[in-house]
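Please read it alongside the sequence and the 3D view.

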Amino acid sequence: MSLKNNLAMAHEFMKKTITKNSITVDMTAGNGHDTLFLAEHSKSVYAFDIQEKALNNTKDLLNKQKLTNVTLIHDGHENIDRYIQEPVDGVMFNLGFLPGYDHKVATNHETTIEAIKKSMLLLSKNGLMSILVYHGQDSGFTEKEKVLEFVSTIDDNQFKVLKLSFENQRNYPPILILIEKK
Ligand SMILES: C[S@@+](CC[C@H](N)C(=O)[O-])C[C@H]1O[C@@H](n2cnc3c(N)ncnc32)[C@H](O)[C@@H]1O
């Protein structure tokens with residue numbers, strides 16, 4: 001095995017957890033790459049984003065691949081409990097802003113932590129949450145700090161929490177946090 005970047009690592013870990021019978025969630029649809037990945041590897045996907053542009057980009061990507069197993073939700077992921085009441089096997093967060101668009105429209109630690117807490121309640125036994133935390137350039141520093149602080153307090157009787165970070169790479173590569181339900 002070779003060490004890949006943390007986005008690819010998130011997909012690798014997720015592939016080992018979810019199945020074609022799984023319900024999964026993309027908490028930050030963005031340009032749709034993670035939604036597409038989840039749609040290809042699970043039964044059905046819920047995908048959230050607060051930006052219509054992001055949901056349209058995601059819809060276009062899915063249409064190109066003729067995938068119809070995704071429910072797109074134009075709302076903040078912190079409201080996940082309004083839309084999903086069933087157990088889910090995989091949840092992916094890819095924090096930050098929509099690449100190519102306004103950097104100020106980005107995830108923030110308060111709603112991100114609320115969304116993490118709510119989706120932890122939905123995770124099935126052995127279900128996995130991946131959180132890719134971007135920090136660098138002009139944003140993400142406070143969110144990184146607060147999210148890392150929060151995940152370190154998660155009850156170890158119920159969840160395992162792993163943090164992966166490349167220690168010698170330039171340009172602030174994202175940190176990957178994995179939360180597995182015991
Ligand atoms: C880094 S992008 C996601 C990239 C995406 N996973 C992909 O594969 O292209 C982060 C996205 O989070 C969205 N976002 C920001 N705050 C949000 C919130 N509270 N709920 C849901 N999405 C949010 C942004 O609009 C942006 O599209």
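The model is predicted.

**Helix 2 and helix 3**
- Helix 2 spans residues 33–41 and helix 3 spans residues 52–64; their axes come within 9 Å and cross at roughly 40 degrees.
- The crossing of helix 2 past helix 3 is right-handed.
- On the helix 2 side the contact is made by His33, Thr35, Leu36 and Ala39, and on the helix 3 side by Thr58, Leu61 and Leu62.
- Sorted by class, this contact between helix 2 and helix 3 has four nonpolar residues, three polar residues and no charged ones.

**Helix 5**
- Helix 5 covers residues 141–151, and its buried residues are Glu143, Val147, Phe150 and Val151.
- Viewed down the axis of helix 5, these buried residues fall within an arc of 90 degrees, so they line one face of the helix.
- An α-helix has 3.6 residues a turn, so residues three or four places apart point the same way.
- The packing partners of the buried residues of helix 5 are helix 4 (109–122), strand 6 (159–164) and strand 7 (175–181).

**His11**
- His11 lies in helix 1, which runs over residues 6–17.
- The relative accessible area of His11 is 16%, so His11 is buried, the cut-off being under 20%.
- Leaving out residues up to four places away in sequence, His11 touches Asp34, Phe37 and Met92.

Note on methods. Residues numbered from 1 in each chain as written. Predicted model: local features only at pLDDT ≥ 70, side-chain atom pairs only at ≥ 80, totals over all residues. Heavy atoms only, no water. Buried < 20%, exposed > 50% of the residue type's maximum accessible area, 1.4 Å probe, protein only. Helix = DSSP H or I, 4+ residues; strand = E, 2+ residues; numbered from the N terminus. Arc of directions from axis to C-beta. Contact = heavy atoms within 4.5 Å. Axes fitted to C-alpha atoms, helices over the stretch in contact; angles between N-to-C directions. Left-handed = near helix turned anticlockwise from the far one by under 90°. Nonpolar A, V, L, I, M, F, W, Y, C, P; charged D, E, K, R; others polar.
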